[in-house]
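What follows is a report on salt bridges, chain contacts and nonpolar packing, to be read beside the sequence and the coordinates.

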Amino acid sequence: MTQKSLREIVTPEGAALHVQLAERGSRAVALVLDLFFMFCAIGALILVLVLFASVVGWEIQGLAYIVFLLAFFAIRSFYFIFFELRSNGRTPGKRIVGLRVINRHGGPLSPAAIVSRNVLREVEVFLPMTFLFARPSSQSEAWVTMALLIWSGIFVFMPLFNRDRLRLGDMVGGTWVIDTPQTILAPDMAQSGGAKFTFTPQQLSAYGIHELQILESVLRKGDNLTLNDVATRIANKIEWEGAVDNPRVFLQDYYAGLRHVLEGKLLFGVRRRDKFDKA
Amino acid sequence: MNANGATLRSAQFRNKREDAWRDLERLLEKAEKGGLEGLTSAELLRLPRLYRATLSSLSVARSISLDRNMVDYLENLTTRAFIFVYGPKRRLGAVIADFLFDSWPRQVRAALRPALLAFIVMMLGWALGHGLTLQNEDWFYTLIGEDLAGGRTPSASSEKLRETIFQDEEQEGLGLSIFASFLFTHNSRVAMLTFALGIALGVPTLLLLFIFGTSIGALSAVFASRDLGADFIGWLMIHGTTELFAIVLAAAAGLKLGAAIAFPKALSRRDALAKAGQEAGIIILGCIVMLFIAGLIEGLGRQLIQSTTIRYAVGGVMLGMWLGYFSFFGRERR
């Protein structure tokens, strides 16, 4: 989780939860996937209509065309709204990428918000597309089309222009699009291992919470080279005499000891943020 | 066990509560795969309770534990549960019913003044276009592009013009349908554009509406000068009452957005925009429905209805229905 893209929502119980804003690239991918699914649906529709016409007779092609146009319009207008209403903020494209739409103010996602944020997609996506595919028949029309394309381009790239990565629909609907990772509960690092190394209180007061948590991530994910490096560094800092023959066990024991000390301080309301914090 | 032989408080805490967290995790995995419908009723009852228990675990963990992974896990779990516990309260059918019978008419009534403004501006445009073209038919070419006219130019003979509004049975074909649908997509685009331009503080919306009105005015003038005026209005009316109504409402929704940005009053601009946006969004969804219905009528009515009187009747009935719908539905406070 990067700090810059973290946002806070307040639950109705008054608790503050942190959510991670979705990457703009992920949102673009989800949109492309959704457009692709819409495209497939429309393709299937064309197939059905053509089959129907070939069976019933080609005179109904006018009617078939109208049915096609109306169905195309319906699919285009209601796809996103239908899925976001049905699955609480997830379209098939978003589901694949792992994103979700939530209410910025911590309440439930209201149907009005879903409707308005998707209706604005007409303005952001489909309108620029019509300008893109327009075939102006005169010089002045070409200029007008170009100007409209640039103007609508502002809407398309709106997520790039604000900190919360809101597109126009998000601003109007009061929503955020968040990443929904699934964190796994790993074993407690302080509980793994015997007490092979013991440390004095003096040695355990060298670091604060920040270093403790870095040590935790090193222990969880680090390779032997990193472990060795960190063990040497700590040993030097605390002036450890004796060999550090097993860096992993050394670090585990140091972690356990440091955690014990710092959590003890927590009980008295003292939070030592890092090694420079004189708490 | 750590060096001192005593167990960490956070570890004791975790041992006590971990089973509940795992239970919630399993429930959430099930719900995320198959939706809330995939859960049994026993599980559905357990969910809020587990959510609150995990929420309290999170608060405790934040104050007594320095295990980053555990705190992140609890936060993640709580957020995932929060999304389901505070998810939508009603089924899709109820939401649609609420939209049709309550929200939509009510929002349209609330946007009465912008709608009237939009209507007046469009009518003014119509009058101007009609007047100018009656005086001098060259105005027609300024006001309407070639493709939109589709052969209905002043240079066309009266016979040809008559053909465009009435047609024989044998004349049905792909060509006419394509033109009809072209008009439909064009008008839908006008509706969306007037809404979008509303965000630009409303002035372009009124401008666009006015210009749109002039183009219709130019067309009506051409037909009027050949004594086909009443027939043209009839041809327009079948789907036109619904379609033009939709365009006026779309413009009203856009104006609402523009007003929210320009005059946020007590709220911040962002909050005012969000509030107006949700109201305008409902109106626009309604406009999409109306455009859809207009397209349906246009597609079917064109082939089937040839008499001008019936066309006026259909147009009038549709207008009456819409006015009645917007006036009387959604009045009781539920």
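## A salt bridge between A:Asp164 and B:Arg270

In this predicted model, A:Asp164 forms a salt bridge with B:Arg270, and the closest N and O atoms of the two are 3.7 Å apart. The pair joins two chains, because A:Asp164 lies in the loop between α6 (158–161) and α7 (168–173) of chain A, while B:Arg270 belongs to helix α12 of chain B. A:Asp164 is buried, with a relative accessible area of 11%, whereas B:Arg270 is partly exposed, with a relative accessible area of 36%.

Over all chains, a search of the whole structure finds 26 salt bridges, and three are found across the interface of chain B and chain A. Another pair is that of B:Asp67 and A:Arg220, whose side chains meet in a salt bridge at 3.1 Å, N to O. B:Asp67 counts as buried because its relative accessibility of 0% is under the 20% limit, and A:Arg220 is partly exposed, with a relative accessible area of 24%. Both residues also take part in a network of salt bridges that links A:Glu216, A:Arg220, B:Arg14, B:Glu18, B:Arg22, B:Glu25 and B:Asp67.

Within chain A, A:Lys196 forms a salt bridge with A:Asp245, where the closest N and O atoms are 3.9 Å apart. This pair links distant parts of the chain, 49 residues apart, since A:Lys196 is in the loop between β4 (175–179) and α8 (201–204) and A:Asp245 is in the loop between α10 (224–237) and α11 (247–267). Both A:Lys196 and A:Asp245 are exposed.

## The interface of chain B and chain A

How many residues of each chain are in contact with the other chain? In chain B there are 76, and they are in contact with 81 residues of chain A. The two chains bury about 6900 Å² between them, with 67% of it on carbon and sulfur atoms. On the side of chain B, the residues that lose the most area to chain A are B:Leu8, B:Leu66 and B:Arg270, which together account for 11% of what that side buries.

Between chain B and chain A, 23 residue pairs are in polar contact, both residues being at pLDDT 80 or more. The helices of chain B that each supply at least two residues of the side touching chain A are α1 (9–34), α2 (41–64), α3 (68–85), α4 (92–110), α9 (174–198) and α12 (269–304). Of the elements of chain B, α12(B) gives the most to that side, with 18 residues. Sorted by class, the side of chain B that touches chain A has 40 nonpolar, 20 polar and 16 charged residues.

## Nonpolar cores

The largest nonpolar core has 123 residues, and those with the most contacts inside it are B:Trp104, B:Phe195, B:Leu249, B:Ile284 and B:Phe326. Helix α11 (residues 229–262) of chain B gives the most to this core, with 16 residues. Once neighbours within four places in sequence are left aside, B:Trp104 is in contact with residues including B:Phe99, B:Ile282, B:Trp322, B:Tyr325 and B:Phe326. A second, separate core of 30 residues includes A:Met189, A:Leu215, A:Ile238 and A:Leu262.

## A buried loop residue in chain A

A:Thr91 is placed in the loop between α2 (61–86) and α3 (92–97) of chain A. Why does A:Thr91 count as buried? Its relative accessibility is 1%, which is under the 20% limit, and therefore A:Thr91 counts as buried. Apart from neighbours within four places in sequence, A:Thr91 is in contact with A:Asp34, A:Phe80, A:Phe83 and A:Glu84.

Terms used: Residues are numbered from 1 along each chain as its sequence is written. Chains are lettered from A and ligands numbered from 1 in the order in which they are written. This is a predicted model: local features need pLDDT of at least 70, side-chain atom pairs count only at pLDDT 80 or more; totals for chains, interfaces and linings use all residues. Side-chain values use heavy atoms; hydrogens and water are left out. A nonpolar core is a set of buried Ala, Val, Leu, Ile, Met, Phe, Trp, Tyr and Cys residues joined through side-chain atoms within 4.5 Å. Buried means under 20% relative accessible area, exposed over 50%, partly exposed in between (1.4 Å probe, protein chains only). Helices (H or I, at least four residues) and strands (E, at least two) are DSSP runs, numbered from the N terminus. Contact means heavy atoms within 4.5 Å. Buried area is the accessible area (1.4 Å probe) that two parts lose on being put together, summed over both. A salt bridge is a side-chain nitrogen of Lys or Arg within 4 Å of a carboxyl oxygen of Asp or Glu. A polar contact is a pair of N or O atoms within 3.5 Å; within protein, one must be able to donate a hydrogen and the other to accept it, and residues adjacent in sequence count only if both atoms are side-chain atoms. Ala, Val, Leu, Ile, Met, Phe, Trp, Tyr, Cys and Pro count as nonpolar, Asp, Glu, Lys and Arg as charged, and the others, Gly among them, as polar.
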